[in-house]
Amino acid sequence: MTKPEQVTALRERLAERTLGLLFVNAAITRGDIPIGDVLEEMFVEVMVTNALSPMRVVESFRSLVAPTGTIGVMSSRQGSVSLNTNGGQDVYRASKSALNQLMRGYAARYADAAHTLLLICPGRVRTELGGPDAPLTIDQSIPGVVDTIDRHSGEPGLQFLNYQDQPVPW
Ligand SMILES: NC(=O)c1ccc[n+]([C@@H]2O[C@H](COP(=O)([O-])OP(=O)(O)OC[C@H]3O[C@@H](n4cnc5c(N)ncnc54)[C@H](OP(=O)(O)O)[C@@H]3O)[C@@H](O)[C@H]2O)c1
């Protein structure tokens with residue numbers, strides 16, 4: 001996803017397809033390091049992977065999405081600016097906030113399109129990224145993600161929702 005030539009190659013390979021749903025999921029974290037100690041290289045890597053690259057995919061693939069189809073991007077509650085009252089995970093949080101902000105800009109730019117635009121928080125899930133102490137298993141989260149996406153099918157505009165179909169504050 002971080003290699004534009006590979007994104008372009010995939011876009012070309014799928015050129016004849018129409019997608020009901022485009023869902024961009026990949027992201028990375030590089031540990032809970034306070035911002036003053038974060039190396040520039042790591043900051044750039046996380047920002048490029050979690051914010052710039054998903055938006056490049058969305059921009060590149062949007063023309064394959066059916067006129068009333070859905071574009072979803074995996075975000076996180078950690079990207080909520082207003083919910084950040086206890087700090088931590090500075091770079092990951094900043095990258096998801098940037099992603100959310102970029103999706104808001106995208107939604108405004110393509111306000112005439114009928115696409116459903118969803119930023120999704122899957123909850124804290126026991127994956128490599130979520131770690132072994134996360135409260136949810138994949139089976140407890142992802143069916144809710146899928147149901148939430150399905151439920152909002154056909155609704156134009158951007159929403160930030162969690163896996164229980166509840167709005168997440170920006
Ligand atoms: N787990 C949680 O608690 C949690 C909470 C909130 C949000 N999220 C979000 O949910 C999404 C999925 O996370 P996860 O928990 O499933 O994490 P994960 O287990 O670490 O999986 C991340 C996935 O992203 C892929 N990926 C990373 N960099 C990539 C790149 N440059 N190009 C293509 N693929 C790349 C990885 O592929 P490889 O294995 O090939 O590297 C892997 O399949 C992410 O957007 C994450 O921010 C997760």
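How far does a polar side-chain atom of Tyr92 lie from an oxygen atom of the ligand, and what is the distance in Å? I looked it up in this model, which is a predicted one, and got 2.5 Å.

I then checked the cover: the ligand on its own exposes 880 Å², and 65% of that is buried by the protein.

I counted 19 residues around the ligand. Tyr92 and Thr127 turn up again among the closest, together with Met1, Asn25 and Val125. Sorted by class, I have 9 nonpolar, 7 polar and 3 charged residues in the shell. I also looked at where the ligand sits: its space is the largest pocket.

**Aromatic pairs.** I searched the whole structure and found 2 of them. In one, the ring centres of Tyr106 and Tyr110 are 4.6 Å apart with the planes at 55°, so I noted the pair as tilted. Why not edge-to-face? That label needs planes over 60 degrees apart, and this pair is at 55°.

Buried or exposed, I asked of Tyr106? Tyr106 is buried, because its relative accessibility is 1% and the cut-off is under 20%. Tyr110 has a relative accessible area of 25%, so I put it down as partly exposed.

My last entry is Phe160 with Trp170: the ring centres are 5.2 Å apart and the planes stand at 45°, so this pair is tilted too.

Note on methods. Residues numbered from 1 in each chain as written. Predicted model: local features only at pLDDT ≥ 70, side-chain atom pairs only at ≥ 80, totals over all residues. Heavy atoms only, no water. Near = heavy atom within 4 Å. Polar contact = N/O pair within 3.5 Å; in protein donor to acceptor, adjacent residues only side chain to side chain. Areas by Shrake-Rupley, 256 points an atom, 1.4 Å probe, with all protein chains shown as cover. 1 Å grid on protein atoms, 1.4 Å probe; cavity = no way out; pocket = protein on both sides within 12 Å on 5 of 7 lines; lining within 4 Å. Sits in = over half its atoms within 2 Å of the grid points. Nonpolar A, V, L, I, M, F, W, Y, C, P; charged D, E, K, R; others polar. Phe/Tyr/Trp six-rings, centres within 6.5 Å; stacked < 30°, edge-to-face > 60°. Buried < 20%, exposed > 50% of the residue type's maximum accessible area, 1.4 Å probe, protein only.
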